[in-house]
Amino acid sequence: MTDPKLDLTIDRPAESVPEMVVRRIRDAIAAGLLPPGRQLTERELVELTGVSRTSVREAMRHLQTLGLVEPSPSRGVRVARLGSAEVREIYEVRDALEPAAAELFVLRATDEEVAALVEKVQPRASGEERLQAIYEFDNLLLAGARNSLLKSMLEPLHTRIHALRSLSVTIPGRHAESRQEYLDIAEAIAARSPERASEAAHRHVRAAAKAALKAVEILEKQHPNS
């Protein structure tokens, strides 16, 4: 018989150390703190994260499977550079999935979650704050959709897409267009209209794809051998 006074329960963290490293690096890539092409050495990552080389290596392997880092021509790995072919594929998949997430959010999110999402499209003081708000908007959308499989498929795409946004907004007029597209999605969600939310998400993804492809093609012409 187990002694009720004897409690040897071990509290397990929600994430393993390598998973935490993956999340930190993924968020840094999404925020533009680790731009495409940025070299990542094992020694630097050990110093930055304060974890063991074994944990860093495991995290790097996982990040490679997500397509977020790639082998570097010199040594170690670097933040993945996306060519026009990869960008096109990413947005094709996003266009198939994100409208479904918007529709499910309308059907399943609480009023509090809807209000939190709508707040993210309000004007921000700086471009950096706006990019962060969009990042949070996308995370809230996936959480409120309450579909773990859809979330697992879209999260890696969103990380790569957020890394592209700093390029996309350099296209003339794209900043204002993107803001209006997010307003349209938020208004449809606030009205609890699944069809309108899905259609608004479709329009946004297709417009974003055009801007991202244009920005990447310009970059490829400027740096043809990178």
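Glu119 is partly exposed, with a relative accessible area of 37%; here buried means under 20% relative accessible area, exposed over 50%, and partly exposed in between (1.4 Å probe, protein chains only). Its side chain forms a salt bridge with Lys120, and the closest N and O atoms are 3.9 Å apart. A salt bridge is counted when a side-chain nitrogen of Lys or Arg is within 4 Å of a carboxyl oxygen of Asp or Glu. Lys120 also forms a salt bridge with Glu136, this time with the closest N and O atoms 2.6 Å apart. Because Lys120 lies in the loop between helix H5 (111–119) and helix H6 (127–145), while Glu136 is in helix H6, the pair ties together parts that are 16 residues apart in sequence.

Glu136 is partly exposed at a relative accessible area of 28%. Through shared partners, salt bridges join Glu119, Lys120, Arg124 and Glu136 into one network. By the same rule, the count comes to 17 salt bridges. Another of them links the side chains of Arg38 and Glu44, at 2.9 Å from N to O.

## The model and its overall layout

This is a predicted model, in which local features need pLDDT of at least 70, side-chain atom pairs count only at pLDDT 80 or more, and totals for chains, interfaces and linings use all residues. Residues are numbered from 1 along each chain as its sequence is written, and side-chain values use heavy atoms, with hydrogens and water left out.

The chain holds 9 helices and 3 strands, where helices (H or I, at least four residues) and strands (E, at least two) are DSSP runs numbered from the N terminus. Reading from the N terminus, the elements follow the order α-β-α-α-β-β-α-α-α-α-α-α. Taken along the principal axes, the C-alpha atoms fill a box of roughly 60 × 55 × 30 Å. Of the 226 residues in the chain, 41% are buried.

## A three-stranded sheet

The 3 strands form an open sheet in the order E1-E3-E2, with antiparallel pairing. Strand E1 (39–40) and strand E2 (69–71) stand at the edges with a single partner strand each, so one side of each is left without a neighbour in the sheet. Two strands pair if DSSP finds at least two bridges between them. E1 and strand E3 (residues 77–79) run antiparallel and are joined by 2 bridges.

## A negative patch on the surface

Glu86, Glu89, Glu92, Glu217 and Glu220 gather in a surface patch of negative charge. Patch residues have over 30% relative accessible area and no salt bridge, with like charges joined within 9 Å. Asp and Glu count as negative, Lys and Arg as positive, and His and the chain ends are not counted; the place of a Glu charge is taken as CD. Accessible areas come from the Shrake-Rupley method with a 1.4 Å probe.

Helix H4 (84–108) and helix H9 (194–222) each supply at least two residues of this patch, and H4 gives the most, with 3 residues. Glu220 is found in helix H9 and, at 31% relative accessibility, counts as partly exposed.

## His62 and Pro18

His62 sits in helix H3 (residues 53–65) and is partly exposed at 39% relative accessibility. The C-alpha atoms of His62 and Pro18 are separated by 8.8 Å, although the two residues are 44 residues apart along the chain.

Terms used. Patch = residues over 30% accessible without salt bridge, like charges linked within 9 Å, V, L, I, M, F, W, Y side chains within 5 Å.
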